[in-house]
Structures are given as C-alpha cells and as structure tokens.
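Thanks for asking for a second pair of eyes.

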Amino acid sequence: QVQLVESGGGLVQAGGSLRLSCAASGRTFSNDAMGWFRQAPGKERDSVAAISWSGGSTYYAHSVKGRFTISRDNAKNTVYLQMNSLKPEDTAVYYCAASTRSRGAVSARAMNYDYWGQGTQVTVSS
C-alpha cells in the first residue's frame, strides 16, 4: 500500500518557521516529481512548490517565493518544505503529493499528481 505521511505542521506565530516532511512508503518516487499543495477553508487547492525527480528544478508559487524552500532526499524517499517568515495567509491544510505522470518534471497542476498525503494543518497566528 502506497502511503505519503506528512509531519511538522502545527501552530506558529507570524514571522516564525516550520519544516514539513513527507515520507513515502510502498513505492519509490525517486524518478518522479513531488510537490506541496495547500487549501484554506472555502478556497481552492493551490500549488505551493514542486521539485523535479533529481531536485535540479523547482517551482514556487509567487506568494511563497523567497520564503519557502522545497527539497528532497531520494535515499530516504522523502520530500521537505521549509517555511520561513510565515504569514497568517499561509494558514491552510498542506498536502504533499507525487506525480508519476509528469516524467519527472516539475508541475504546478494538481491533476498531474496521483498520490497524495492525508494533509497536515498549518496555522499562523497574528
């Protein structure tokens, strides 16, 4: 059974930092792109960041560029999202995802991802 297990979410004050981790099991994703998405109540699920199979290429949403960093460790089958200078508008459920459909290339489209984690809540207080 393929699973993506997220950790690192929680409550943090504005300006603080969190590091999210997503550990995959049941399948290796070393040849696949990985990504992070988020969804706030009443809002659409949006791409936050994505990373190519090798980590050589990345994508960031404009709203997080310069504050968030995506990385991966293929030996551990794990992807990370370092979040700095957090703002209240970053509050959302964060999901990690893996794409077997993008041929390893970065993608910001949720439709390209076929494996998803359960989501982890990130709450940023004012």
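1. How many disulfides does the count come to? Taking a disulfide as a pair of cysteine sulfur atoms within 2.5 Å, the count is one. This is a predicted model, where local features need pLDDT of at least 70, side-chain atom pairs count only at pLDDT 80 or more, and totals for chains, interfaces and linings use all residues. Residues are numbered from 1 along each chain as its sequence is written, and side-chain values use heavy atoms, with hydrogens and water left out.

2. The disulfide joins C22 to C96, with 2.0 Å from S to S. C22 belongs to strand β3 (residues 18-25) and C96 to strand β9 (residues 92-99), so the link ties together parts 74 residues apart in sequence. Strands here are DSSP runs of E, at least two residues, numbered from the N terminus. The link is right-handed, with 45 degrees about the S-S bond.

3. Are these cysteines buried or exposed? C22 is buried, at 0% relative accessible area, and C96 is buried at 0% as well. (Buried means under 20% relative accessible area, exposed over 50%, partly exposed in between, with a 1.4 Å probe and protein chains only.)

4. There are four aromatic pairs (Phe, Tyr or six-membered Trp rings with centres within 6.5 Å; planes under 30 degrees apart are stacked, over 60 edge-to-face, the rest tilted) in the structure. One of them, F37 with W116, is tilted, at 5.0 Å centre to centre and 55 degrees between the planes. F37 is buried at 1%, while W116 is partly exposed at 28%.

How values were computed. Helices (H or I, at least four residues) and strands (E, at least two) are DSSP runs, numbered from the N terminus.
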